[in-house]
Amino acid sequence: MNTSSKVGLTIFDIDETLFHTTAKVQVFKDGKVNKILDNQQFNSYQLKKGESFDYGQFKSAKIFKETSTPIAKVIKRAKRIIHFATRKGSKVIIVTARQDMDDKKLFKEAFKAQGIDIGRVYVERAGNIGKKTASANKVVIFKKYLDTARYARIRLFDDDKNNLKAFLSLKREYPNVEFTGYQVFRSGNIKKLVA
Ligand SMILES: [Mg+2]
């Protein structure tokens, strides 16, 4: 396959990228809650010996739908990308640090309420993977897509520096793929980062 026949892959994070969210992740140790992390703390947290993440609030589609607030600039961009990219054979996916949601239908309603055609976007849940950090989990999914060799270009919209750094560092392993990171700030402003 030559490069010109290949397509692009666009990846969106959810928490603090498409939506401001409030769900917390608990860290368990010896059967007790040891720490409570907000989404940003969770992104950079490394599990220590004997610790595990509890995604209870993160799994709740009801909490997600009722408390998430859209980040307008990024939602607008996502809608445009989904519209054009999927028409030209390129793919758009969501890669979230969360695990499976307890109610997929309710979860998808939050996207539909913003006019996002979620039926055309596959949602990958990196929280099911079980590495020590959220970014290590996400990298497993990024590589799954890169290993198909279908994509000439890949881009990631994410608020978290660790995720973006891990993503852009994959350029070394996949030198023929064009990597672009888009860092999303609290205001919804987006900064382009090139590998
Ligand atoms: Mg995030």
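**Strands, helices and a core**

Modeller: Let's start at one spot: leucine 9 stands opposite lysine 91 in β7. This is a predicted model.

Biologist: What makes β1 and β7 a pair of strands?

Modeller: Two strands pair if there are at least two bridges between them. Between β1 and β7 (residues 91–96) there are 4, and the two strands run parallel. They therefore count as a pair.

Biologist: How do you know that β1 pairs with β9?

Modeller: By the bridges again: 6 of them join β1 to β9 (residues 151–158), in parallel. With at least two needed, β1 and β9 therefore pair. You can look for valine 7 opposite tyrosine 151, and for glycine 8 with its bridge partner arginine 153.

Biologist: Why is β1 called mostly covered?

Modeller: A residue is buried if 20 or more other C-beta atoms lie within 10 Å of its own. In β1 (residues 7–12), 5 of the 6 residues are buried, so the strand is described as mostly covered.

Biologist: Where does β1 sit in the sheet?

Modeller: The order is β8-β7-β1-β9-β10-β11, which places β1 between β7 and β9 in an open sheet of 6 strands with mixed pairing.

Biologist: Why are β8 and β11 called edge strands?

Modeller: Each of them, β8 (122–125) and β11 (190–194), pairs on one side only. On average, neighbouring strands of the sheet are turned by 20° against each other, direction ignored.

Biologist: Which helices lie on this sheet?

Modeller: Helix α4 (residues 72–87) lies across β1, β7, β9, β10 and β11, at about 140° to β7. Helix α7 (residues 161–169) packs on the sheet too, touching β9, β10 and β11, and its direction makes about 175° with that of β10.

Biologist: Is valine 194 buried or exposed, and how do you know?

Modeller: Valine 194 lies in strand β11. It has 9 other C-beta atoms within 10 Å. The cut-off for exposed is 12 or fewer, so valine 194 is exposed. Its C-alpha atom is separated by 7.5 Å from that of leucine 168, 26 residues apart along the chain.

Biologist: How do you know on which side of α5 the buried residues lie?

Modeller: In helix α5 (residues 104–112), the buried residues are Phe107, Ala110 and Phe111. They cover an arc of only 100° around the axis, so they lie on the same side of α5. The face turned away from the buried side carries the exposed Lys105 and Lys112, while the cover over the buried residues includes α3 (61–67).

Biologist: What describes the packing of α6 and α7?

Modeller: Two packed helices are described by the angle between their axes and the distance between the axes. For α6 and α7 these are about 35° and 9 Å, and the crossing is right-handed. The contact is made by Ser135, Lys138, Val139 and Phe142 of α6, with Asn162, Asn163, Ala166 and Phe167 of α7.

Biologist: Which residues have the most contacts inside the largest nonpolar core?

Modeller: Leu18 and Phe157, in a core of 40 residues. Elements giving two or more residues to this core include β1, α4, α5 and α7, and β9 supplies the largest share, 4 residues. Leucine 18 touches Phe12, Ile71, Val74, Ile75 and Ala78, not counting residues up to four places away in sequence.

Conventions: Residues numbered from 1 in each chain as written. Predicted model: local features only at pLDDT ≥ 70, side-chain atom pairs only at ≥ 80, totals over all residues. Axes fitted to C-alpha atoms, helices over the stretch in contact; angles between N-to-C directions. Contact = placed C-beta atoms within 7 Å. Arc of directions from axis to C-beta. Core = buried A, V, L, I, M, F, W, Y, C linked by C-beta atoms within 7 Å. Left-handed = near helix turned anticlockwise from the far one by under 90°.
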